[in-house]
Amino acid sequence: MAYTIRMRFALARHTATDWDEEKPSRLKGQQDRPLSERGKGEAESLADILKKTSAGLQRVVSSDLLRAVETAQILSGKLQLPLSTDERLRECSFGALEGLTREQIIGQFGTNILQHLDDNWRAYDFRSVGGEHRDAVLKRMIILLQQVSIEHPREDVLLVGHSRAMDTLLDGLGQRPGLHHNEVRFVEFPQIDG
């Protein structure tokens, strides 16, 4: 007889990048940007928070984008946990919008694109500019959770990702979106066990 067990995931975002320090900042998406010095300090602070609240975490899985990997390396190092990467944790692809400031985006693509840009988890769609739809982001994130729960059953896993993708996942799991820097959110994911 099959029964459901629940696996616990901790969700965290990467910390500040070089583009976050620019004013106005640029839309990163799947562009590979390094952490800024401030971002490295934020990751150290996040590690301290996790040390106090992370009892039971047994591994870290990070997006393969540089800013997430650098954040995850600091966290896994301080927590002494194994680290692996997975491209399914990447940020939403914004296609041709990536690397542009908000003003540049409006100038090149008009104000209609703002309905998708300002929607962080509900119904955004960037396929018209070569990017992703919200449902595709959610699907790859859920598939990742399913795979991790099969490969590491009954382990608590820290996932390090990106703001829009993590908020999309939270919404898809019926949780409150709005994951902030230096915040860790714990969620449970059902897993069928035989």
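Predicted model: local features only at pLDDT ≥ 70, side-chain atom pairs only at ≥ 80, totals over all residues.
Is Lys78 buried, partly exposed or exposed? Lys78 is partly exposed, with a relative accessible area of 31%.

Lys78 sits in helix H3. What does Lys78 touch, once its neighbours within four places in sequence are set aside? Four residues: Glu44, Ala47, Asp48 and Lys51. Now take the distance to Leu46. Lys78 and Leu46 are 32 residues apart along the chain. Their C-alpha atoms are separated by 10 Å.

That brings us to the helix pair. Two packed helices are described by the angle between their axes and the distance between the axes. For H2 and H3, the axes come within 9 Å. They cross at roughly 40°. The crossing is right-handed. On the H2 side, the contact is made by Lys40, Ala43, Glu44, Leu46, Ala47, Asp48, Leu50 and Lys51. On the H3 side, Thr71, Ile74, Leu75, Lys78 and Leu79 take part. By class, the residues of this contact split into seven nonpolar, one polar and five charged.

Next, H2 by itself. Helix H2 runs over residues 37–53, which is 17 residues. From first C-alpha to last, H2 reaches 25 Å. Which residues of H2 are buried? Gly39, Glu42, Ala43, Leu46, Ala47 and Leu50. They cover an arc of only 150° around the axis, and therefore lie on the same side of H2. The face turned away from that buried side carries exposed residues, Glu37 and Lys52.

On to helix H6. It covers residues 134–151, 18 residues in total. Its span from first C-alpha to last is 26 Å, close to the 26 Å expected at 1.5 Å a residue. The buried residues are Arg134, Val137, Leu138, Arg140, Met141, Leu144, Leu145, Val148 and Ser149.

Arg134 deserves a look of its own. Is Arg134 buried or exposed? The relative accessible area is 10%, so Arg134 is buried; the cut-off is under 20%. What does Arg134 contact, leaving aside neighbours within four places in sequence? Trp121, Arg122, Ala123, Tyr124, Thr168, Asp171 and Gly172.

Glu91 is in the loop between E3 and helix H4. At 5% relative accessibility, it counts as buried. Not counting residues up to four places away in sequence, Glu91 touches Gly29, Gln30, Leu65, Arg67, Glu132, Arg140, His162, Ser163, Arg164 and Ala165. Arg140 on that list is also one of the buried residues of H6. And Leu50, back in H2? Glu91 and Leu50 are 41 residues apart along the chain, and their C-alpha atoms are separated by 22 Å.

Arg67 comes up again with Asp32. Asp32 is found in the loop between H1 and H2. Asp32 is partly exposed, with a relative accessible area of 45%. Leaving aside neighbours within four places in sequence, Asp32 is in contact with Leu65, Leu66 and Arg67. Asp32 and Arg67 are 35 residues apart along the chain, with their C-alpha atoms separated by 7.0 Å.

Last topic: backbone geometry. Most residues other than glycine have a negative phi, and most peptide bonds are trans. Where does this model depart from that pattern? Begin with the peptide bond. Lys23 and Pro24 are joined by a cis peptide bond, with omega at about 0°. Pro24 lies in the loop between helix H1 and H2.

Then phi. Gln80 is not a glycine, yet its phi is positive, at about 55°. Gln80 lies in the loop between H3 and strand E3. Gln80 is exposed, with a relative accessible area of 71%. Asn182 also has a positive phi, near 60°. Asn182 lies in the loop between helix H7 and strand E5. Asn182 is partly exposed, at a relative accessible area of 30%.

Key: Residues numbered from 1 in each chain as written. Heavy atoms only, no water. Helix = DSSP H or I, 4+ residues; strand = E, 2+ residues; numbered from the N terminus. Expected span 1.5 Å × (residues − 1). Buried < 20%, exposed > 50% of the residue type's maximum accessible area, 1.4 Å probe, protein only. Arc of directions from axis to C-beta. Axes fitted to C-alpha atoms, helices over the stretch in contact; angles between N-to-C directions. Left-handed = near helix turned anticlockwise from the far one by under 90°. Contact = heavy atoms within 4.5 Å. Nonpolar A, V, L, I, M, F, W, Y, C, P; charged D, E, K, R; others polar.
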